[in-house]
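Student: Hi, could we go through this protein together? I'd like to ask things as they come up.
Tutor: Of course, go ahead.

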Amino acid sequence: MAVDSRLWWSVWWPWVLVWAVTALALLVAAGVAVWAWRSRHRYAPSREVPGLTIYLHEKSVMDLYQVGRYGDAMTKEVVDRVGVTKDGKIALKGLDLGVEGARTSGREVVKTYIEQYEPIAVVGVLLDALESASGVVHVDLRDLTVLRNTALEQHLESFDSVRLRRIDSYVSVKGVFRVASDGDGTTVFLAPFGDPDDPEQGPQVRVECYNGGLRDEVVPEGGFQARCLGKVQAWQADPQQLVIRPIAMFQ
């Protein structure tokens, strides 16, 4: 029996060694993959359901798609949602684009998606694209907090502190908004910093929306909790207002 064991080992030990090295390599690769995934997602915020869309500026969505890194991210999000057919075509309602055609006409893919799908679906694509491209800073006005994510880390590489007026990325601002004025084709929303007893006192975030982009022309009365996705425009010192150009607002 001992002779048989030695004979077996003399024949098979190279393969045992190969299997052991292969198993070790797979284990290391799996560890590296998990580490890379965790490093990439360590600052990723949890996905939130946007809720009821109050406002959507569709032209701004398309403009954002055409700007740099966000174009590829939005195309990927759209394709992930609408799927690809067995013959390699992107499946949209009433439209089939071949993969090669989609590569050269990505703008039309996104444009068709925006035109044919509900606003809430467009907002979801937009938010996920910004998140995947590390392009949005999340702000909670009530708690006066900023979520620590990759976009914020990139901002802090240039500045020692966080000042909303200096943020170049898109911002997603959560707060208690109210209608300040309504006329000349626009509706102005204001939200205070913090949670003051009088919401009209102190510094405010100012969001001006075109009435044509308001969903069903329904605006909640009084103060209401909402989130605004947009771009910081300027700080107006006299009225103490941080002006944000909105792309979307939702509850």
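Student: Which residues of β7 are buried on one side, and which on the other?
Tutor: Before anything else, please keep in mind that this is a predicted model. In β7, T186, V188, L190 and P192 lie on one side, while T187, F189 and A191 lie on the other, and all of them are buried, which leaves both faces of the strand covered.

Student: Why do they split into two sets like that?
Tutor: In a regular strand the side chains alternate between the two faces of the sheet.

Student: And what does it say about β7 that these residues are buried?
Tutor: Strand β7 covers residues 186-192, and seven of the seven are buried, so the strand is largely enclosed by the rest of the structure.

Student: Which strands does β7 pair with?
Tutor: Strand β6, residues 170-183, pairs with β7 in the antiparallel sense over five bridges, and strand β8, residues 204-210, also pairs with β7 in the antiparallel sense, over seven bridges. If you want to find these pairings on screen, look for D182, which stands opposite T187 in β7, and for V188, which stands opposite E208 in β8.

Student: How many residues sit between β6 and β7?
Tutor: There are two residues between them, and the two strands form a hairpin; in its turn, D184 has a positive phi of about 55°.

Student: What's worth noting about a positive phi?
Tutor: Most residues other than glycine have a negative phi.

Student: Where else does that turn up, say around S134 or L144?
Tutor: S134 is not a glycine and yet has a positive phi of about 50°, and L144, likewise a residue other than glycine, has a positive phi near 55°. S134 belongs to the loop between α6 and β4, whereas L144 lies in the loop between β4 and β5.

Student: Are those two buried or exposed?
Tutor: S134 has a relative accessible area of 18% and is buried, because the cut-off for buried is under 20%. L144, with a relative accessible area of 57%, is exposed.

Student: OK, back to β6. What does S172 touch?
Tutor: S172 lies in strand β6 and, leaving out residues up to four places away in sequence, touches V136, V137, H138, V139, R227, C228 and L229. Its side chain also makes a polar contact with the side chain of R227, at 2.6 Å. With a relative accessible area of 1%, S172 is buried.

Student: And D140, where is that one?
Tutor: D140 lies in strand β4, which runs over residues 136-140. Its relative accessibility is 12%, so D140 counts as buried. The side chain of D140 reaches the backbone nitrogen of D143 at 3.3 Å, and D140 touches T145 and K174 when residues up to four places away in sequence are not counted.

Student: New topic: how many aromatic pairs are there?
Tutor: The structure holds one aromatic pair. The rings belong to F189 and F224, whose centres are 6.0 Å apart and whose planes meet at 85°, so the pair is edge-to-face. The pair links distant parts of the chain, since F189 is in strand β7 and F224 is in strand β9, 35 residues apart. F189 and F224 are both buried.

Student: What sits over the ring of Y170, then?
Tutor: The charged end of K231 sits there, 4.3 Å from the centre of the Y170 ring.

Student: Last one: which residues touch the most other members in the largest nonpolar core?
Tutor: That core has 28 residues, and V61, L64, M74, V78, V110, L126 and L130 touch the most other members. At least two core residues come from each of α2, α3, α5, α6 and β10, and α6 gives the largest share, seven residues. As for V78, apart from neighbours within four places in sequence, V78 is in contact with V109, V110, Y113 and V125.

Student: And what about a second core?
Tutor: There is a separate one of 24 residues, including A151, L164, V205 and C209.

Student: Why would such residues gather?
Tutor: In soluble globular proteins, nonpolar side chains tend to be buried together.

Conventions. Residues are numbered from 1 along each chain as its sequence is written. This is a predicted model: local features need pLDDT of at least 70, side-chain atom pairs count only at pLDDT 80 or more; totals for chains, interfaces and linings use all residues. Side-chain values use heavy atoms; hydrogens and water are left out. Helices (H or I, at least four residues) and strands (E, at least two) are DSSP runs, numbered from the N terminus. Buried means under 20% relative accessible area, exposed over 50%, partly exposed in between (1.4 Å probe, protein chains only). A polar contact is a pair of N or O atoms within 3.5 Å; within protein, one must be able to donate a hydrogen and the other to accept it, and residues adjacent in sequence count only if both atoms are side-chain atoms. Contact means heavy atoms within 4.5 Å. A nonpolar core is a set of buried Ala, Val, Leu, Ile, Met, Phe, Trp, Tyr and Cys residues joined through side-chain atoms within 4.5 Å. Two strands pair if DSSP finds at least two bridges between them. Rings of Phe, Tyr and Trp (its six-membered ring) pair if their centres lie within 6.5 Å; planes under 30 degrees apart count as stacked, over 60 as edge-to-face and the rest as tilted. A charge sits over a ring if NZ of Lys or CZ of Arg is within 6 Å of the ring centre and within 35 degrees of the ring normal.
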